[in-house]
Structures are given as structure tokens and as C-alpha cells.
Amino acid sequence: MNERSEPTTGAAEPLAGGDRVDSATEAFVAHRNLLFTVAYEMLGSAADAEDVLQETWLRWMKVDMGQVRDQRAYLVRITTRRSLDRLRTMRRRKEAYIGSWLPEPLLTAPDVAEDVELAESVSMALMLVLEMLSPTERAVFVLREAFTVSYDEIASAVGKSPAAVRQIAHRARRHVDARRPREVVSPSQARAALESFQRALEARDLQGLLDVLAPEIVLVSDGGGVKRAAPRPITGADKVARFIVAGLGKAEVALTGESTVVNGNPALLVRVDGEIDGVIAIDVEGARITGLYYVRNPAKLTRIAAENPLTLR
């Protein structure tokens, strides 16, 4: 896709050099959090999302501001195209990844959890489902479902006709709906389940874990070949509880959990002997945990020290 062929609209007077740079910079900064969220939802990697933003910035600085009517739409279009290019190269990287691959967890402000749409769109559970889509399907789904971008704008971003984009959106939505959680619980319900899980984890209480885990629970752990993790997802409350107790609950180590908010949802920061061991994100239905997503790969734990601003607008 050639960004130089993007349709430009508007008849504004061209800006002088210094004014043009100031205007471009102001627009980019104003929409930066949105662009990061778009790139992150498409890629599942904060590091790659930051690289995409750098590429977007460099491309944006070459654009004639006088020919851009909707700066937000134009920036989202550039970001989408850069993300699509990177997503296709990341697939090879993921194929060579050791064990299960999980998105990079982001520490987010507590109020993100109160924004139901945002919290669901960046949840670990949904981000993992998006991994099953093709790059174009993922781009179309993310832009349409999370950011309510028009079909015409999406078509321009992904290089398809609006009619084709509608078909892709329908197909992607069907795939996601078949795999996404059946119900969305309130943040308070999720926190209650997490607190029960935390108490059982710290006490190495097998029965306590069984009480809070749903019978059909799935545990996905990501060690990246650096930290111990299950090579494949583990299914079933008994198997998951025993794996957790055997792997993390060794009597000779001090095991603690700290409640936090990751990807807009309640999560647990796990420490072993005082050192950060990983982040556990959860999926809850009713009062029980149906999904555990444990990221232990140290390379993916760089975004849990400071809050990451995310937005859909």
C-alpha cells in the first residue's frame, strides 16, 4: 500500500515551514494515546506499538497539512498501515516463539477498568482471541469494533473496497464472538474473584484454588523460553490448581500477590522472594475464574512499572 496515493481532502492554504511543523506536532501529540492504543490492539506488543508510532511520526512529518481535512483519520490510517506491515513480520517471530505467546501486559489507570468498552477491547482474553485472525481481519475488527471507524475509512487504511471490508468485518466478528467470554462481569466482581485467588495462592491452598476456579478454566502461561511455563494451555480446575501449587507454591519461597490493573482489568502482580515473577490476568464469569493468563517472560514485563494511557477516542 502506498501512502502517497491516499486521498487528501480540503482546500486550506499550505502552512509555512515552522507553522507546518508546529501544527503537525500538535496534532500528533493530541492523538498519540489513541494511535498507541490502535497499534497495541493490532499487535499485542507495546514495544512494537512504539516503533509503529515512530514510523507514523516520520511519515506524518512529510504530509502537506494544508491537504488534510481530518487529522485524526489520517493519522489512524498511517498507523493502521504501519501496524499491518509489522503484524505480518511478527507472525514469523511468533512461530519461532518458545511455548505459548501472550500479549505484553500494560499497567493501566484504575479508571480504565470503569470504561467497559476500553477494558474489554484491551483485555488479555480478547487480545488472545485476536491472535486467531488474519492481519487484515484483525485490523478491520479493531478499527470497526473498538474505534467505530467508518467502513470507507477502514477500506482506505487496509487497501480494500468498502464492500469487502464489510464482509471481512462480519467474518472477523463471527470468529471473535465464538471465542470471547460469554458474559462481561463488573470490575467489583472480577476483583472479588481475584482476591479469593490471591488468598489461596499465597496460602498454597489447593482447595481454595479449586473453589474459585471454574471447572473448564484454561491457564495460558508465557515464559518465552526464559522462565518456566507450561508449553501448552492447561485445561480443567484440578490440573490448573496443581500446576500452580507445584510451580509457584514451593514451601521454601516467599510468595506474594499484589492487586493491580492490567489492560484495564483487575490482575495480580506476583512476587517470589520479593522479586517480580510475573503478571496474572484473569477472565471471570459469574463468581469463578474461567481464564488465567500468566506472563513471566521478563522481556514482556517492562510496562508494569508506570501507567500506560489508553483511549478509544
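The structure is a predicted model, in which local features need pLDDT of at least 70 and side-chain atom pairs count only at pLDDT 80 or more, while totals for chains, interfaces and linings use all residues. Residues are numbered from 1 along each chain as its sequence is written, and side-chain values use heavy atoms, with hydrogens and water left out.

We can begin with the overall fold. The protein chain has 11 helices and 6 strands; these are DSSP runs numbered from the N terminus, with helices (H or I) of at least four residues and strands (E) of at least two. The radius of gyration is 21 Å, close to the 20 Å that the globule rule gives for 313 residues, so the chain is as compact as a globular protein of that length. Here the radius is taken over C-alpha atoms, and the rule is 2.2 Å times the number of residues to the power 0.38. Along its principal axes, the C-alpha trace spans about 70 × 40 × 35 Å.

Of the 313 residues, 51% count as buried, where buried means under 20% relative accessible area, exposed over 50%, and partly exposed in between (1.4 Å probe, protein chains only). The accessible surface comes to about 14300 Å², and 51% of that area belongs to carbon and sulfur atoms; the areas come from the Shrake-Rupley method with a 1.4 Å probe, and for residues only the protein chains shown count as cover. Among contacts (heavy atoms within 4.5 Å) between residues at least 6 apart in sequence, 70% join residues at least 24 apart.

Turning to the interior, nonpolar side chains tend to be buried together in soluble globular proteins. A nonpolar core is a set of buried Ala, Val, Leu, Ile, Met, Phe, Trp, Tyr and Cys residues joined through side-chain atoms within 4.5 Å. The largest such core holds 57 residues, and Phe-36, Trp-60 and Phe-147 touch the most other members. Elements giving two or more residues to this core include α1 (17-43), α2 (46-60), α3 (71-95) and α8 (162-177). Helix α1 gives the most, with 11 residues. Leaving aside residues up to four places away in sequence, Phe-36 touches Ala-46, Ala-49, Glu-50, Leu-53, Leu-106, Arg-303, Pro-309 and Leu-310.

Arg-81 sits in helix α3 and counts as buried, at 6% relative accessibility. Glu-258, in strand β3 (residues 255-262), is partly exposed at 39% relative accessibility. Among the residues that Glu-258 touches, not counting those up to four places away in sequence, are Gln-198, Leu-268 and Arg-271.

Most residues other than glycine have a negative phi. Thr-148, however, has a positive phi near 45°; Thr-148 lies in the loop between α6 and α7 and is exposed, with a relative accessible area of 53%. Asp-273 also has a positive phi, near 55°. This residue is found in the loop between β4 (265-272) and β5 (275-285), and Asp-273 is partly exposed at 48%.
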